[in-house]
Amino acid sequence: MLFAKFLHTIGFTVWVGGMFFAYMALRPVAAARLEPPQRLALWEGVFSKFFPWVWLCVALILGSGLYMMALLGKPPMYVSAMFGLGIIMMLLFAHVFFAPFKRLKRAVAAQDWQAGGAALGQIRMLVGINLSLGLVTIVVGALGTLLA
């Protein structure tokens with residue numbers, strides 16, 4: 001259980017922390033200082049480096065979470081809530097990866113800055129939603145035993 005909690009904590013820290021950094025620090029600076037060609041190329045490069053880490057985090061979180069739930073038997077409500085929120089987050093990430101990120105990569109390669117901007121706007125919205133869900137999930141996990 002200790003090793004599973006370790007893997008789980010590493011997974012959500014990297015994923016949610018990365019989203020927080022990208023959304024709250026990198027995004028406003030990139031928008032203020034870079035023209036669309038440079039900004040879109042930057043984001044395509046950042047996501048290309050970050051998303052493999054997110055896939056690893058998804059595997060760690062899902063695997064360790066299912067393992068810990070199996071050890072618990074019938075999980076408490078807050079654990080079920082974390083599981084449900086985590087599944088929604090994973091599905092949103094998969095959508096980002098396979099749809100708007102794919103469009104962003106194609107647009108940057110073709111230097112189609114309008115299409116790239118549209119794809120990046122969709123990614124921004126979905127990352128904002130996922131960041132909010134991630135922060136709520138962390139709070140549910142941290143305070144769950146106190147609320148039960």
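Biologist: How do the axes of α2 and α3 cross, and within what distance do they come?

Modeller: In this predicted model, the axes of helix α2 (residues 36–72) and helix α3 (residues 77–98) come within 11 Å of each other and cross at roughly 155 degrees; axes are lines fitted to C-alpha atoms over the stretch in contact, with angles from 0 to 180 degrees between N-to-C directions. α2 is therefore roughly antiparallel to α3, a term for angles over 145 degrees. Helices here are DSSP runs of H or I with at least four residues, numbered from the N terminus.

Biologist: Which residues of α2 and α3 make the contact?

Modeller: With contact meaning heavy atoms within 4.5 Å, α2 contributes residues including F51, W55, L62 and M69, while those from α3 include F83, M90, F93 and F97.

Biologist: How many of the contact residues are nonpolar, polar or charged?

Modeller: The contact of α2 with α3 has 18 nonpolar residues, no polar ones and no charged ones.

Biologist: Changing topic, how many aromatic pairs does the structure hold?

Modeller: There are 15 aromatic pairs, counted where ring centres of Phe, Tyr or Trp (its six-membered ring) lie within 6.5 Å. One of them, F47 with F101, is edge-to-face (planes over 60 degrees apart), at 6.1 Å centre to centre and 90 degrees between the planes. This pair links F47 in helix α2 to F101 in helix α4, 54 residues apart.

Biologist: What is the mean pLDDT of the chain?

Modeller: The mean pLDDT, the predictor's confidence in each residue from 0 to 100, is 96 for the protein chain, and 99% of its residues reach 70 or more.

Biologist: What about numbering and thresholds?

Modeller: Residues are numbered from 1 along each chain as its sequence is written, and side-chain values use heavy atoms, leaving out hydrogens and water. Local features need pLDDT of at least 70 and side-chain atom pairs count only at 80 or more, whereas totals for chains, interfaces and linings use all residues.

Note on methods: Helices (H or I, at least four residues) and strands (E, at least two) are DSSP runs, numbered from the N terminus. Angles under 35 degrees count as roughly parallel, over 145 as roughly antiparallel, 65 to 115 as roughly perpendicular and the rest as oblique. Ala, Val, Leu, Ile, Met, Phe, Trp, Tyr, Cys and Pro count as nonpolar, Asp, Glu, Lys and Arg as charged, and the others, Gly among them, as polar. Rings of Phe, Tyr and Trp (its six-membered ring) pair if their centres lie within 6.5 Å; planes under 30 degrees apart count as stacked, over 60 as edge-to-face and the rest as tilted.
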